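Please open the model in a viewer and keep the selection panel at hand.

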Amino acid sequence: MSTKKRLAVNKTYKLYLGGKFPRTESGRYYELNGRKGALLANVSRASRKDFRNAVVAARKAWPGWDGATAHLRGQILYRVAEILEGRSEQFEEELRAQGTTPAAARKEVTTAIDLLVHYAGWTDKYQSLFSSVNPVSSPYFNFSMPESTGVVAAIAPEESGLLGLCSVIAPILAGGSTSVILASHTRPLCAITLAEVLNSSDVPGGVVNILTGFRDELLSQFAEHMDVNALLICSDDEKEIKLVQERAVENLKRVISHVDGPLAESPYHILDFQEIKTTWHPVGV
Amino acid sequence: MAATTPSFPDLRMLSTIDQVGVEERARRFQARSIKKESKLSALKLAVTMLDVTTLEGKDSPGKVKQLCAKAMRPLPDDPSIGPAAAVCVYPRLVRVAREAVGQSGVKVASVATGFPSGQSRLKERLSEIRYAVGAGADEIDMVISRGKLLHGEFRSIFDEIVRCKEACGSAHLKVILETGELQTYDTVRIASEIAMAAGADFIKTSTGKIQPAATLPVTLVMLEAIQDYYDRTGRMVGMKPAGGISDAKTAIHYLVMLKETLGRDWLTSKWFRFGASSLTNDLLMQICKQRTGRYQSADYFTKD
């Protein structure tokens, strides 16, 4: 074997838009340093135009994803979990590089995988749980059922690079909406690696779009875009939450705020991004 | 315009088109940075250049009326936008469109002459023009016989256009070359020369039924033909790219190319049109984006 030192081949962390991995159109990046101050990666710093392109991709992908059978959506989510399982070492390594202890990294990856399996199971069950037959005082069969809201923009938790991200994506996907996610600013590496997993798990291009960058730069864009139907923000900062709530009024998008941490496994997180449709069907005619 | 008898152009005078050069030049028009006020004025100009089009088998009087309303007042809450230049429909719907646009200044254009293939007898094609003009069309969009053109029967094409122009009377004639079927830029150039010499008021790229429809390079070839024809004869001819222009960004690329090729004089709806159906809403959405700073959603704009 040659004793020559091999040239390092480092991964370029780009964005994930419409099933592709483009660089940000702005050409900007920020430096991400590891625990001892060594450079881990140059991370893409997404601009508002990247966000706009992501929304276009998500809107385009929505009819297909919403129209897919619940069974298929479940299988695809399970597939994501399977592939994540196979690549868990890489995720653990990235988490450790970003400051997580080895034991905590191991736990975060397995919890994320289990969470994906959990939501994979919900895709064909939440409808029954949240539907209802309503008593009405006229001869109608009246029933309500949930439908996906459309394009959901989400600000992922800052403190949890992988589990936080998965806990945001999974309920949105399980419910048939498409998403544009802003990954953690200080822990962005797993986000782009997760995009590779999504991309090879039959998740159609555009269903999940992941941006990395600065929260304060993109927050109002996320809130103001007229073609975004709902917004999830994971933050402990009252000012941030107030800002998005105010900016979101123009198209009355639904704003869901959550503390800065992973969302628990719960079908109610699926319900957050559902619209309830009620049908009046004549009976006895 | 001089009322002389049209004469067949001397095609020996044409040099061949440098394909690589044209495509490279067209590509560069896409690199101009048009921002803020210039962008807003380009978007507003583009709206006034629209030939709002519906050419489907399922077109109904209701759909045409709706389209006319949109052409006259593209943004309901803002009268300063538009109106569009014209509505473009099939001959049977010209009367409906004529009534709907009234005296608003929006023109009624009709496709005719066996649109989109042009594969019917000249007699019927001419009577179709007369029917549309009689029903109130201000402009006629005719198709040429591409089969004959590709066979080299240039004189026949020339005669066909001259006859159509006669049939139009005072209506403007736009000649559709259907560049997607013409194979080479040289054929496009020849067809443009013949159409202009035969009296076309506008030359138009495509029917919108064939892919590829309008592209920047093919439009550039036609614009340069217009320029050369103007230099020789002093007569201005209009240009209408149609089909495939569905977003505001592309429309601005066309305007940049127009300005840099033919100059300011052509930068009006009298000499330049966009044949499009879905472009309208994208222009309106971009105008609202420029004004409010918020990216818009198709949910809040009327469907055509």
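The stops below cover the interface between the chains and then the cavities.

**The interface**

The model is a predicted one. Begin by selecting chain A and chain B together and displaying where they meet: 10 residues of chain A are in contact with nine residues of chain B. The area buried between the two chains is about 950 Å², and carbon and sulfur atoms give 46% of that area. Next, select A:Arg52, A:Glu224 and A:Met226, the residues of chain A that lose the most area to chain B; together they account for 42% of what that side buries.

Which residue of chain B forms a salt bridge with A:Glu250? Select B:Arg294 beside A:Glu250 to display the pair; the closest N and O atoms are 3.6 Å apart. Across the interface of chain A and chain B, one salt bridge is found. The count of residue pairs in polar contact between the chains, with both residues at pLDDT 80 or more, is three.

Now colour the helices α1 (48-67) and α8 (215-224) of chain A, each of which supplies at least two residues of the side that touches chain B. The largest share of that side, three residues, comes from α1(A). By class, the side of chain A that touches chain B comprises six charged, three polar and one nonpolar residue.

**The largest cavity**

How many cavities of 30 Å³ or more does a search of the whole structure find? The search finds two. The largest cavity holds about 50 Å³ of space. To display its lining, select A:Leu77, A:Val80, A:Leu116, A:Cys166, A:Ile169, A:Leu173, A:Leu194 and A:Leu198. The lining of the largest cavity has eight nonpolar residues, with no polar and no charged ones.

The largest share, three residues, comes from α6(A).

Notes. Residues are numbered from 1 along each chain as its sequence is written. Chains are lettered from A and ligands numbered from 1 in the order in which they are written. This is a predicted model: local features need pLDDT of at least 70, side-chain atom pairs count only at pLDDT 80 or more; totals for chains, interfaces and linings use all residues. Side-chain values use heavy atoms; hydrogens and water are left out. Contact means heavy atoms within 4.5 Å. Buried area is the accessible area (1.4 Å probe) that two parts lose on being put together, summed over both. A salt bridge is a side-chain nitrogen of Lys or Arg within 4 Å of a carboxyl oxygen of Asp or Glu. A polar contact is a pair of N or O atoms within 3.5 Å; within protein, one must be able to donate a hydrogen and the other to accept it, and residues adjacent in sequence count only if both atoms are side-chain atoms. Helices (H or I, at least four residues) and strands (E, at least two) are DSSP runs, numbered from the N terminus. Ala, Val, Leu, Ile, Met, Phe, Trp, Tyr, Cys and Pro count as nonpolar, Asp, Glu, Lys and Arg as charged, and the others, Gly among them, as polar. On a 1 Å grid over the protein atoms alone, a cavity is a set of points where a 1.4 Å probe fits but cannot get out, and a pocket is an open set with protein on both sides within 12 Å along at least five of seven lines; lining residues have an atom within 4 Å of a point. Grid points are joined across faces, edges and corners, and a volume is the space filled by probe spheres set on the points.
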